[in-house]
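Colleague: Could you take me through this model?
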Amino acid sequence: MPQPFILTAALPPDIHSWADNLRKEHFPPERNHLHAHVTMFHAFAPSLLDELKDFIPGLTAEFAAPEAEIAGLMDLGKGTAIKLQSEPLLSLRAMIADHFKGSLTDQDLHEPRPHITIQNKVSKDDARALQAQLAPEIEYRRFTFPALELHRYLGGPWELVKRMPFRGNERL
């Protein structure tokens with residue numbers, strides 16, 4: 001699919017800065033086109049842009065910022081991620097998936113595992129070595145996602161299309 005849209009949950013500035021620094025340090029530089037992020041959906045068809053720009057802001061206007069927790073590290077096989085736990089974010093994702101039912105790619109039909117990738121496409125040994133190094137340093141802490149962001153995939157880098165801050169009072 002040419003130039004699909006990606007939906008992410010934005011990180012608060014302190015978590016973003018910390019995770020982005022880890023990503024810069026450990027992600028292969030020739031493949032690191034992105035800042036630290038939490039992908040909610042990997043590929044919406046370009047034909048869905050208008051619907052995405054209408055539907056998603058309605059949700060962020062209704063609901064309060066979803067709470068989350070850093071819950072350790074995640075082994076990606078040939079990479080490493082910061083594992084997140086967030087039932088509210090998963091509930092929100094389920095609402096979006098239900099709305100766009102029939103339009104999701106196979107990758108977006110799988111059970112989501114919220115995380116922030118800090119290393120990918122390395123050897124399994126390198127990934128496990130980084131996990132062993134970082135495990136004692138990971139601080140379990142709570143935070144809220146301030147916004148959702150819609151991006152256009154540009155063959156490596158992404159272009160921000162719309163940032164949609166959470167403004168509502170209703171808790172998920």
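Modeller: The answers below go from the overall fold to individual side chains. This is a predicted model, in which local features need pLDDT of at least 70, side-chain atom pairs count only at pLDDT 80 or more, and totals for chains, interfaces and linings use all residues. Residues are numbered from 1 along each chain as its sequence is written, and side-chain values use heavy atoms, with hydrogens and water left out.

Colleague: How many helices and strands are there in the chain?
Modeller: The chain has five helices and eight strands. These are DSSP runs numbered from the N terminus, helices being H or I of at least four residues and strands E of at least two. Their order from the N terminus is β-α-β-α-β-β-α-α-β-α-β-β-β.

Colleague: What radius of gyration does the chain have?
Modeller: The value is 16 Å, which agrees with the figure near 16 Å for a compact globule of 172 residues. The radius is taken over C-alpha atoms, and the globule rule is 2.2 Å times the number of residues to the power 0.38. Along the principal axes, the C-alpha atoms fill a box of roughly 45 × 35 × 25 Å.

Colleague: Which strands make up the open sheet?
Modeller: Four strands do, in the order β2-β1-β7-β8, with antiparallel pairing. Two strands pair if DSSP finds at least two bridges between them. The edge strands, β2 (38-44) and β8 (158-165), each pair on one side only. From one strand to the next, the twist averages 20°.

Colleague: How many bridges join β7 and β8?
Modeller: Strand β7 (residues 147-153) pairs with β8 in the antiparallel sense over seven bridges. Tyrosine 153 stands opposite tryptophan 158 in β8.

Colleague: Which strands does helix α2 lie across?
Modeller: Helix α2 (residues 49-62) lies across β1 (5-9), β2, β7 and β8, at about 35° to β8. Helix α3 (residues 87-99) lies across β1, β2 and β7, and runs at about 10° to β2. Axes are lines fitted to C-alpha atoms, for helices over the stretch in contact (heavy atoms within 4.5 Å). Angles run from 0 to 180 degrees between N-to-C directions.

Colleague: Changing topic, how many aromatic pairs are there?
Modeller: The count is four. Rings of Phe, Tyr and Trp (its six-membered ring) pair if their centres lie within 6.5 Å; planes under 30 degrees apart count as stacked, over 60 as edge-to-face and the rest as tilted. Phenylalanine 41 and phenylalanine 44 form a tilted pair, 5.1 Å centre to centre with 40° between the planes. Phenylalanine 143 and phenylalanine 145 form an edge-to-face pair, with 5.1 Å between centres and 75° between planes.

Colleague: Is phenylalanine 41 buried or exposed?
Modeller: Phenylalanine 41 is buried, because its relative accessibility is 0%. Buried means under 20% relative accessible area, exposed over 50%, and partly exposed in between (1.4 Å probe, protein chains only). Ring pairs also link Phe41, Phe44, Phe55 and Phe100 into a cluster.

Colleague: What lies over the face of phenylalanine 41?
Modeller: Arginine 93 does, at 4.2 Å from the ring centre. The criterion is NZ of Lys or CZ of Arg within 6 Å of the ring centre and within 35 degrees of the ring normal. Arginine 141 likewise lies over tryptophan 18, at 5.0 Å from the ring centre.

Colleague: What is the phi of lysine 121?
Modeller: Lysine 121 has a positive phi near 60°. Most residues other than glycine have a negative phi. Lysine 121 lies in the loop between β5 (115-119) and α5 (124-134), and counts as exposed at 56% relative accessibility.
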